[in-house]
Amino acid sequence: MKVKNILFSYQNLLKREIEKKKYFSFLRKIFNLILKVLLNLIKKLFSKNFKNLDKYYNRDLFEKSLDYLFIYFNTDKGKTFKMNDGQIINSHNYSPFYEKYFKRFKNEKINLLEIGSHEGKGLASFFFYFPFASLVGANINPLQMKYFSRRIEEIFIDVSSKSILKNFANYYKDRDFDIIIDDASHNLKDIIQTFPILFKKVKANGFYVIEDIDQFKAFPNLNPNSEIMTPLLILEKLINKQDFQSPYLDDKDKDYLKSNIKNIYIEKGSMRLEGHNVSDIVFIQKKDI
Ligand SMILES: C[S@@+](CC[C@H](N)C(=O)[O-])C[C@H]1O[C@@H](n2cnc3c(N)ncnc32)[C@H](O)[C@@H]1O
């Protein structure tokens, strides 16, 4: 982890504890976080569970399809996913859509940001699919990443906090992204409030992707206020330049999005949970300004 990113993550993790009025946790984290960063550094040097992709044994991976890579690194973006008990289940199967929209970036020197990077399995797949890309993995716990490289940055984000999202966008004020993927909390409010803040960080003609955009249908706790204006409905209103009310978007956000979205592509993968298909994914393309 870059020292600059450690400092940003440290400050913002602590700010978030204050924002949540968790003063005891704030005090605990002042010391715990330093310890965790040191431990993480040691693990990266000595543990077999942490993989330096710059020295990775299997160079053939640079030639593989995204679906092969998603299954190889066992991210739930692929056709199948191996559970902890070894059972193989049908997964989201987002690969055909990622291939369809992102093939044109394959050999470009792109910037890609994934929020909700978890252990970095998705990012490790993108590392091999986009051999010239610079990748950023942002997560509520950035120390979860098992894959690292000179081409991968890890950093803290909490998409449930608007002020943290704004700090994050400001931190990257000199860098815009060709691709931003939201695979974080899948909470309805978080998806909506993150979108206008990070869509501003997408380059002209670039893409903002929202995975599992309707997952709250299977897990109502992801939409605790039973909001009627879902992210998909909001996108439909935005592209048709229609008015609507959402507690998580103000008029400035709506105007910005209406005038900067070029196209919206809605796709459906194949994972079923609690009797619902939870694999709705949206690719939102920015105008070429
Ligand atoms: C479905 S996992 C992501 C899987 C990963 N993208 C991959 O391809 O393997 C979701 C991640 O979002 C993170 N997350 C949950 N709430 C979050 C929040 N409020 N802000 C940022 N990340 C969050 C979780 O810690 C978890 O690591």
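Q: Why is H186 called buried?
A: H186 has 22 other C-beta atoms within 10 Å. The cut-off for a buried residue is 20 or more. H186 therefore counts as buried. The model is predicted, and the count is computed from its atoms.

Q: Where in the chain does H186 lie?
A: H186 is in a loop. That loop runs between β8 (177–182) and α7 (188–199).

Q: What makes the phi of H186 worth a remark?
A: The phi of H186 is positive, at about 65 degrees. H186 is not a glycine.

Q: Which phi value does K21 have, and where does K21 lie?
A: The phi of K21 is near 60 degrees, a positive value in a residue other than glycine. K21 belongs to the loop between α1 (3–19) and α2 (23–46).

Q: Is K21 buried or exposed, and how do you know?
A: K21 has 8 C-beta neighbours inside 10 Å. The cut-off for an exposed residue is 12 or fewer. K21 therefore counts as exposed.

Q: What makes S163 an exposed residue?
A: S163 has 12 other C-beta atoms within 10 Å. A residue with 12 or fewer is exposed, so S163 is exposed. S163 sits in helix α6 (residues 162–171). From S163 to E236 there are 73 residues in sequence and 27 Å in space, C-alpha to C-alpha.

Q: Why is S91 called buried?
A: Within 10 Å of S91 there are 22 other C-beta atoms. The threshold is 20 or more, so S91 is buried. S91 is in the loop between β3 (88–90) and α4 (95–102).

Q: Which residues does S91 contact, beyond its neighbours within four places in sequence?
A: S91 is in contact with D76, G78, K79, T80, F81 and M271. Contact here needs C-beta atoms within 7 Å.

Q: How do you know that β8 is largely enclosed?
A: Count its buried residues. Six of the six residues of β8 are buried, so the rest of the structure largely encloses this strand.

Q: Which strands pair with β8, and in what sense?
A: β4 and β8 pair in the parallel sense, over four bridges. In that pairing, L112 stands opposite I179. β8 also runs parallel to strand β9 (residues 202–210), joined by five bridges. There, I180 stands opposite Y208. Two strands pair if there are at least two bridges between them, so β4 with β8 qualifies on four bridges.

Q: What makes β5 an enclosed strand?
A: β5 covers residues 134–139, and five of its six residues are buried. It is therefore largely enclosed by the rest of the structure.

Q: Which strands pair with β5?
A: β4 pairs with β5 in the parallel sense over five bridges. E114 faces G137 in β5. β7 is joined to β5 by five bridges, and these strands run parallel. N139 stands opposite F156 in β7.

Q: Why is strand β7 called mostly covered?
A: Five of its five residues, 152–156, are buried. I152, E154 and F156 point one way from β7. E153 and I155 point the other way, and all are buried.

Q: Which residues have the most contacts inside the largest nonpolar core?
A: I157 and V209 do, in a core of 61 residues. α5 gives the most to this core, with six residues. I157 touches I115, A138, N139, I140, I164 and F168, leaving aside residues up to four places away in sequence. In soluble globular proteins, nonpolar side chains tend to be buried together.

Q: What makes the chain as compact as a globular protein of its length?
A: The chain has nine helices and 13 strands. Its radius of gyration is 19 Å. The globule rule gives 19 Å for 289 residues, so the chain is as compact as a globular protein of that length. Of these residues, 39% count as buried.

Q: Which residues come nearest the ligand?
A: T75, G116, H118, G122 and S185 come nearest, of 21 residues around the ligand. β4 (111–115) and α5 (121–129) each supply at least two residues of this shell.

Q: How many residues of the shell are nonpolar, polar and charged?
A: The shell divides into five nonpolar, ten polar and six charged residues.

Terms used. Residues numbered from 1 in each chain as written. Predicted model: local features only at pLDDT ≥ 70, side-chain atom pairs only at ≥ 80, totals over all residues. Near = placed C-beta within 6 Å. Nonpolar A, V, L, I, M, F, W, Y, C, P; charged D, E, K, R; others polar. Rg over C-alpha atoms; globule rule 2.2 N^0.38 Å. Core = buried A, V, L, I, M, F, W, Y, C linked by C-beta atoms within 7 Å. Contact = placed C-beta atoms within 7 Å.
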